[in-house]
Amino acid sequence: MKLVNGFEKSLYMTRTEMEEHAMKFSQTYQSDKQKKWSTWAKFFDKMACKTVLKLLLSRWGILNSDLATAIQADQSEVTKTTFTYIDNDGKTVERDSIFELDEPQTVDAPFEEIIDAETGEVLK
C-alpha cells in the first residue's frame, strides 16, 4: 500500500500462515475435512488476497467510518446494534452508535480535493 504522502506499508503471509488463519477464523474451513466445499477451499487464493488486504488496511490504512464498518461487518450477520460472527463461535460485537443501517449518510457539500502537482500532497 502506498499513500500519496509517500507512506508505504507491505504485508506478506506464507501459505502456511494463511491456512492457520483460515483454520482459526473459519468454522467451515475447519469442518471441511477434504478441503473441497468451503469458500476457503474453493477460492483459497482470492480469500488469501482479501485477507491480506483487509489486515493491511485495518492495521495501517486511513479508514473513513464507512470502510471501518465494512471491515468490521465482513463475514458477519449484521443487525442494527450488533455484528455476529456466526462462523467464529457466534462472537457478537456491539456496533458503534454512530453507524446506522437504515439511514443513508449524505454529504452537505461535494468534496473538493486539491493536490499539489509537484509533490502529490493532498492539500485539501
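**Entry 1: ground rules and overall layout**

I take helices as DSSP runs of H or I with at least four residues and strands as DSSP runs of E with at least two, both numbered from the N terminus. By that rule I place F44 in helix α4. I note that the model is predicted, so local features need pLDDT of at least 70 and side-chain atom pairs count only at pLDDT 80 or more, while totals for chains, interfaces and linings use all residues. I number residues from 1 along each chain as its sequence is written, and I read side-chain values from heavy atoms, with hydrogens and water left out.

I find five helices and three strands in the chain, and along the sequence they follow the pattern α-α-α-α-α-β-β-β. For burial I use relative accessible area, with buried under 20%, exposed over 50% and partly exposed in between (1.4 Å probe, protein chains only). On that scale, buried residues make up 21% of the 124 residues in the chain. For contact I require heavy atoms within 4.5 Å. Of the contacts between residues at least 6 apart in sequence, 32% join residues at least 24 apart.

**Entry 2: α1 against α4**

I looked up how helix α1 (residues 15–25) lies against helix α4 (residues 44–60), and I find that their axes come within 11 Å and cross at roughly 85°. This makes α1 roughly perpendicular to α4. The axes are lines fitted to C-alpha atoms, for helices over the stretch in contact, with angles running from 0 to 180 degrees between N-to-C directions. Angles under 35 degrees count as roughly parallel, over 145 as roughly antiparallel, 65 to 115 as roughly perpendicular and the rest as oblique.

From α1, I list R15, M18, E19 and H21, which meet F44, D45, A48, T51 and V52 of α4. By class, I note four nonpolar, two polar and three charged residues in this contact; Ala, Val, Leu, Ile, Met, Phe, Trp, Tyr, Cys and Pro count as nonpolar, Asp, Glu, Lys and Arg as charged, and the others, Gly among them, as polar.

I checked F44 next, and at 9% relative accessibility it counts as buried. Leaving aside neighbours within four places in sequence, F44 is in contact with R15, M18, E19, Y29 and T39. The C-alpha atoms of F44 and M18 are separated by 9.0 Å, although the two residues are 26 apart along the chain.

T51 also lies in helix α4, and at 4% relative accessibility I record T51 as buried. From T51 to A22, 29 residues apart along the chain, the C-alpha separation is 9.4 Å.

**Entry 3: rings and charges**

Which aromatic residues do ring pairs link into a cluster? I find Y29, W40 and F44 there, and the structure holds three aromatic pairs. Rings of Phe, Tyr and Trp (its six-membered ring) pair if their centres lie within 6.5 Å, and planes under 30 degrees apart count as stacked, over 60 as edge-to-face and the rest as tilted.

I also find a tilted pair between F7 and W60, at 6.4 Å centre to centre with 35° between the planes. Since F7 lies in the segment before α1 and W60 in helix α4, this pair ties together parts that are 53 residues apart in sequence. F7 is partly exposed at 33% relative accessible area, and W60 is partly exposed at 40%.

I count a charge as over a ring if NZ of Lys or CZ of Arg is within 6 Å of the ring centre and within 35 degrees of the ring normal. K9 lies over the face of W60, 4.0 Å from the ring centre, and the charged end of R15 sits over the ring of F44, 4.1 Å from its centre.

In helix α5 (residues 65–73), I find T69, I71 and A73 buried. What covers the buried residues of α5 includes α4, β1 (77–78) and β2 (82–85).

Beyond its neighbours within four places in sequence, A41 is in contact with Y29, D32, K35 and K36.
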